[in-house]
Amino acid sequence: MMLQLSGVHAHYGHIHALRGIDLSVQVGEVVTLIGANGAGKSTLLMSLFGQPRVSAGRIVFDNEDITRLPTHVIARRDISLVPEGRRIFPRMTVLENLQMGAVMADPDNLHVDLKRMYALFPILEERLEQRAGTLSGGEQQMLAIARALMARPKLLLLDEPSLGLAPLYIKKIFQTIRELNEDHGMTILLIEQNAHHALRAAHRGYVMQHGQITMTGTGRDLLASAEVRAAYLEGGHAAA
Amino acid sequence: MSPLVFANNAPTLAERCKDAAGIALIALLLGIPMIGLTTADQGGSLQVLTRWPLLGAFVAAAFCGRLALRYGLDMLKQRRQTRDREAAARPGKRGVRSIRILELTGWLAFGIALVLPILFSDNRYVVDTATTVLIYVMLGWGLNVVVGLAGLLDLGHAAFYAVGAYAYALLSTQFGWGFWTALPVAGLTAAVFGLALGWPSLRLRGDYLAIVTLGFGEIIRVVLTNWTDLSGGPNGISSIPRPTFFGLPFVPSSDTGTFASFFGLEFSPMHRIIFLYYVILLLSLLTNVLVKRLRRLPIGRAWEAMREDEIACKALGMNITNVKLSAFALGAMLGGVAGVFFAARQGFISPESFTFNESAIILAIVVLGGMGSQLGVVLASVVLVLLPELGRDFAEYRMLLFGAAMILIMVWRPGGILSHREPTLRHQPAGEQA
Ligand SMILES: Nc1ncnc2c1ncn2[C@@H]1O[C@H](COP(=O)(O)OP(=O)(O)O)[C@@H](O)[C@H]1O
Ligand SMILES: [Mg+2]
């Protein structure tokens, strides 16, 4: 078991954002979490890092209870987050951004890891000395993913990586997810509103509503489910 | 992306007129009591008179002025955007050339700084002013770590300047410590105060942090003013010993030998002035080397990354607490060292020298210089020290001139005089280890 949440609750002041979440990710899986805006998907990811701290429940990552660890300590485990809105360092160069991803890693690996990122995203190698803020949205998303990978995680968390991107880039992002999983054995937890793409890319999926998991199943089953189709695909599909 | 799209749709004439009309309306409302109506003394009684034509002219001026200003700013913005886009499209060449120019300018400034007191060895005013510039350079570089690199808005930097100055003043007058021994101790004292400010404000950012630092600066000043037993209160501390040249004082005569007698020179007060100049030059060069080095180390890059995005830093495993506190401590220490020098140079200090005004000037130097730019701080210090000096002939208009110059710089270069940020890490050709 890579990641297991059991009975997780979280609050923002008096807003009860997570209401008893049970979720698990097995080694080598791509798991997706879909749900409408404000369902609590980002909160769930951030609560893995203790932002916000969970008010009840338990989070186990890689056989270690990380529920109460400080944020930066959790982040030094083999778990990397690509946060919502990318959050690259805009005034620093692409190369510096990549290097920041490896701040906690062994410096001897830096060169090899950079090479791996260039192989994954050739465009980044062409832009190494460019300020990251001047990249296009899709390039920034690739940079954010590459930065997260620089830490050599076992589990990669992606928060809406396709948000606001042109179709060509969306395709590239999902292609990368598949490549990372199939060729490199990366375990991935993917949050998406783009349910169609996400469910097709994932082995299993969870549907979230008002801070609760309302449905779970294989990607294929969820894609076929009438409820999911009605809520997240018809209309959602057309927009994507 | 939305600001770009927005800016590309330049406002139409109608939109511009509407905007200007709004300003004209405000001018009208304000103008009625202030310009439109006036009182005159007529035969002993006060009469209210109207001045509609003048008011009309005022409103028309506001309308036209706004139109022109808006138009000018839009043009500037558009030009800048085109330039930025071109620069982003081909980052290589221009970048390299401008870095060369900056490097050359830096070395040139260093050369000038080195020979200046020799060229002006009989002109006390020039060397004194240059020393003042260097004090501000040092203060600016210290604050630059906090504001420019770490992105923590600090409005109370003068507090650390004061802590350093008072630490040296007390150590030397009460315990007989020399300049060079007191220097590191006073610097560390200031660093401790930096931590004392940093610790409670760890969770604050931007404007909230600015208010806390502002308050901190005032607390230090008020304590120094009122704790008379320690600091001498508003009277300050006087007869602070001057630095000596390896134990040789700069005085006309002394039993144990003086600087002049040791080197067989005729005594001149200029010796001390020039010596002080070289001391601050040395201190600021050390500061420069230190900060430049740190910027290329993981801690320096962590400061900059924290300025860019705190949440991302946490997600990458950085301990933000340490990153923040180290920036505060280092900035404070450098400010403290500048304070030691200030106290030793003046021979007298009082809380007057460490008001909010001082903090504001140091911050202005960092912002005008271009946040994070070392050379920018030097240029801004030169401008901000020399402007009021040159402005002396304008007497009371001096501060007006000063303010206008600052506004002009910010309109002309919103990123500061030197907004270019040098990467801390260069792409190395294949095969080489980074
Ligand atoms: N920092 C915050 N402070 C207070 N409320 C928040 C914060 N972040 C999110 N929320 C609230 O928590 C709920 C879940 O938000 P979020 O996790 O961002 O949803 P999603 O990512 O699924 O769109 C929403 O009601 C949102 O308003
Ligand atoms: Mg979200």
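This is a predicted model: local features need pLDDT of at least 70, side-chain atom pairs count only at pLDDT 80 or more; totals for chains, interfaces and linings use all residues.
View 1. Salt bridges between chain A and chain B number 2, the term standing for a side-chain nitrogen of Lys or Arg within 4 Å of a carboxyl oxygen of Asp or Glu. A salt bridge joins the side chains of R87(A) and D309(B), with an N to O distance of 2.9 Å.

**View 2. The side of chain A that touches chain B.** Here α2 (71-75), α3 (94-101) and α4 (110-120) of chain A each contribute at least two residues, helices being DSSP runs of H or I of at least four residues and strands runs of E of at least two, numbered from the N terminus. The most comes from α3(A), with 5 residues. By residue class, this side of chain A comprises 13 nonpolar, 9 polar and 7 charged residues, where Ala, Val, Leu, Ile, Met, Phe, Trp, Tyr, Cys and Pro count as nonpolar, Asp, Glu, Lys and Arg as charged, and the others, Gly among them, as polar.

**View 3. Extent of the interface between chain A and chain B.** Contact, meaning heavy atoms within 4.5 Å, links 29 residues of chain A with 28 residues of chain B. About 2700 Å² is buried between the two chains, 60% of it given by carbon and sulfur atoms; buried area is the accessible area (1.4 Å probe) that two parts lose on being put together, summed over both.

**View 4. The two domains of chain A.** An automatic or database assignment divides chain A into domain 1 (29-52 + 69-78 + 153-240) and domain 2 (86-152). Their contact takes 17 residues from domain 1 and 15 residues from domain 2, and the two domains bury about 1200 Å² between them, with 74% on carbon and sulfur atoms. On the domain 1 side, P153(A), Y169(A) and K172(A) lose the most area to domain 2, together 35% of what that side buries.

**Notes.** Residues are numbered from 1 along each chain as its sequence is written, and chains are lettered from A in the order in which they are written. Local features need pLDDT of at least 70, side-chain atom pairs count only at pLDDT 80 or more, and totals for chains and interfaces use all residues, while side-chain values use heavy atoms, leaving out hydrogens and water.
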